[in-house]
Amino acid sequence: MPASYPASWCTIHRDRISRNLELALGLVPNGRRFCAVLKADAYGHGIMQVVPLVQEQGVTTIGITSNAEADAVRKAGFKGTIIRLRAATPLEIETALENHVEEQVASLSTAEQIAALTASGRFTSRLHLSLNAAGMARDGLEISTTKGQDTCRQIIDTAGSRIGGICSHFSSNAPGDLRQSSELFQQQAAWVLANSDLKREQILVHAGSSLTLVSGVDIDTDMYRCGAILYGILKPELGFRPTMDVEARVVSLQTYPGGASVGYDRSSHLDRDRRLACISIGYENGYRRLVQGGGVVAVRDALAPVLGKVSMNAIVADVTDLDQVEVGDTVRVFGESKTATIRPSMVERQFETIMADLYTDWGQRNARVYR
Ligand SMILES: *Cc1c(COP(=O)(O)O)cnc(C)c1O
């Protein structure tokens, strides 16, 4: 526990991240590579803490998005390949030069910038030609049109010598969509190779994330780029385990009479006399305000329902049936325990979103304690 005694905190289970990574590496087909995606501060887990864990298992490629993340990865001592998993602004590319970030290229202006930086000896990394083959329409180049094909040729004429990868990102990992997107991506990559001097054996052709790896569809990709799977979001049946607990404390216990209203706007009322625990976590800490009924927390290894609207720094749970509860008790909002586990599926329903959204939010809004 940090000396400052935080009101709410995330416990990060490093051993589980390592185990999840080991399981994920075991799923990668022979001859394919693996890129550990540590964007969003390693999905809220703390990038500096996660880098050594992936290095330990021989991972040599890390995916990031922001320059701050690239800085952190190098500061943590990583000497391998850093790939940026989105387009970057000219200044962003310029500011990342010393960290040797492999950039994506999907426009002539980026190709021209890279060509100039290469000519002056300042850019020495690889580029990845990013194609919009899989329905994202986020930042990849669309080459199903003649105009897109012309741009693609110009990019290769301008900065072809730096291109070491061709990539895309799947917008859907449902088996049917995945087969179709993967096929289209391979066709487009083949078109690029046929219309340039790029040599297939020198180019990493890559698409596919965690969902692709566990999809059961054997797609053609030289490398899987996986984030979510490291944090136990998917496939508990294969042994993947969530890597973060979110906890706070009981700060008050009071009994209120039947009929009393609970929380802002009197949105909830007690059916009878009830003992309520005030807990030191609120929407400031990522216990989202939209939860109104249906939320649960775990205290003393039992589940207790959350009542009323969420306050900025507090929630209220009904502990009438849990006589043992005391002020100072730890309350779990998310995580495993012997008899009262709060699972990903429960919080996804409760907070109406996906685990990646919750992890990144919780990790930023709470103190982090490492196991
Ligand atoms: C985030 C991201 C990934 C990793 O996705 P997960 O679902 O977390 O495995 C891979 N590729 C790109 C381009 C991404 O943006």
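In this predicted model, the buried residues of helix H7 pack against strand E5 (101–105), helix H6 (108–119), strand E6 (127–130), strand E7 (163–167) and helix H8 (175–194). The residues of H7 that make up this buried set are Gly148, Cys152, Ile155, Ile156 and Ala159. Viewed down the axis of H7, these buried residues fall within an arc of 100 degrees, and therefore they line one face of the helix. Thr146, Lys147 and Asp157, on the other side of H7, are exposed. As for the length of the helix, H7 covers residues 146–159, and its 14 residues, at 1.5 Å a residue, should span 20 Å, which agrees with the 20 Å between its end C-alpha atoms.

The cysteines can be considered next. The structure holds zero disulfides, and for cysteine 35 the reason lies in distance, because the closest cysteine sulfur, that of cysteine 226, is 8.2 Å from its own sulfur and thus too far for a bond, a disulfide being a pair of cysteine sulfur atoms within 2.5 Å. Cysteine 226 is likewise in no disulfide, its nearest cysteine sulfur being that of cysteine 35. Cysteine 35 is buried, with a relative accessible area of 0%, and cysteine 226 also counts as buried, at 0% relative accessibility.

Finally, on the scale of the whole chain, the division is into domain 1, covering 14–232, and domain 2, covering 244–342. The centres of domain 1 and domain 2, taken over C-alpha atoms, are separated by 43 Å.

Definitions and conventions: Residues numbered from 1 in each chain as written. Predicted model: local features only at pLDDT ≥ 70, side-chain atom pairs only at ≥ 80, totals over all residues. Heavy atoms only, no water. Buried < 20%, exposed > 50% of the residue type's maximum accessible area, 1.4 Å probe, protein only. Domains from an automatic or database assignment. Helix = DSSP H or I, 4+ residues; strand = E, 2+ residues; numbered from the N terminus. Expected span 1.5 Å × (residues − 1). Arc of directions from axis to C-beta. Contact = heavy atoms within 4.5 Å.
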